[in-house]
Amino acid sequence: MLINALLKDLEDSIDVGEEISVNLVSMQGKEEFYEKCGFHKIPYDYTGYGMKKKIQK
């Protein structure tokens with residue numbers, strides 16, 4: 001429900017003719033969940049690896 005609500009908010013925020021690309025990095029083995037939400041796998045050779053940075057105090 002959360003993913004669908006976020007996607008709906010994004011869709012509602014754009015005007016006709018505009019486009020938004022939503023990208024995410026799935027936890028390994030959880031790709032099927034996001035596919036059910038309408039996301040498609042992007043091969044690594046196209047985009048490279050997902051990246052993250054952890055900041056702690």
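Helices (H or I, at least four residues) and strands (E, at least two) are taken here as DSSP runs, numbered from the N terminus. The structure is a predicted model, in which local features need pLDDT of at least 70 and side-chain atom pairs count only at pLDDT 80 or more, whereas totals for chains, interfaces and linings use all residues. Residues are numbered from 1 along each chain as its sequence is written, and side-chain values use heavy atoms, with hydrogens and water left out.

A search of the whole structure finds 2 salt bridges, a salt bridge being defined as a side-chain nitrogen of Lys or Arg within 4 Å of a carboxyl oxygen of Asp or Glu. In one of them, the side chains of K8 and D12 meet at 2.9 Å, N to O; these two residues stand 4 residues apart in helix α1, and are therefore separated by about one helical turn. K8 is partly exposed, as its relative accessible area is 46%, where buried means under 20% relative accessible area, exposed over 50%, and partly exposed in between (1.4 Å probe, protein chains only). A salt bridge also joins the side chains of E32 and K36, at 3.8 Å from N to O, and both residues lie in helix α2, 4 residues apart, or about one turn of the helix. E32 counts as exposed because its relative accessibility is 52%, and K36, with a relative accessible area of 69%, is likewise exposed.

On the surface, L10, I20 and V22 form a nonpolar patch with about 210 Å² of accessible area together. Patches are made of residues with over 30% relative accessible area and no salt bridge, like charges being joined within 9 Å and nonpolar side chains (Val, Leu, Ile, Met, Phe, Trp, Tyr) within 5 Å; accessible areas come from the Shrake-Rupley method with a 1.4 Å probe, and for residues only the protein chains shown count as cover.

The largest pocket holds about 790 Å³ of space. Of the 21 residues that line this pocket, the closest to its centre are L24, V25, S26, I42 and Y44. The elements that give two or more residues to the lining are α2 and α3 (44–47), and the largest share, 3 residues, comes from α2. On a 1 Å grid over the protein atoms alone, a pocket is an open set of points with protein on both sides within 12 Å along at least five of seven lines, a 1.4 Å probe fits at the points of a cavity but cannot get out, and lining residues have an atom within 4 Å of a point. Grid points are joined across faces, edges and corners, and a volume is the space filled by probe spheres set on the points. By residue class, the lining divides into 9 nonpolar, 8 polar and 4 charged residues, with Ala, Val, Leu, Ile, Met, Phe, Trp, Tyr, Cys and Pro counted as nonpolar, Asp, Glu, Lys and Arg as charged, and the others, Gly among them, as polar.

Separations between C-alpha atoms were also computed for pairs of residues along the chain. G50, placed in the segment after α3, is partly exposed at a relative accessible area of 43%, and its C-alpha atom is separated by 5.8 Å from that of V25, 25 residues apart along the chain. C37, in the loop between α2 and α3, is buried, with a relative accessible area of 19%; the C-alpha atoms of C37 and I3, 34 residues apart along the chain, are separated by 7.4 Å.
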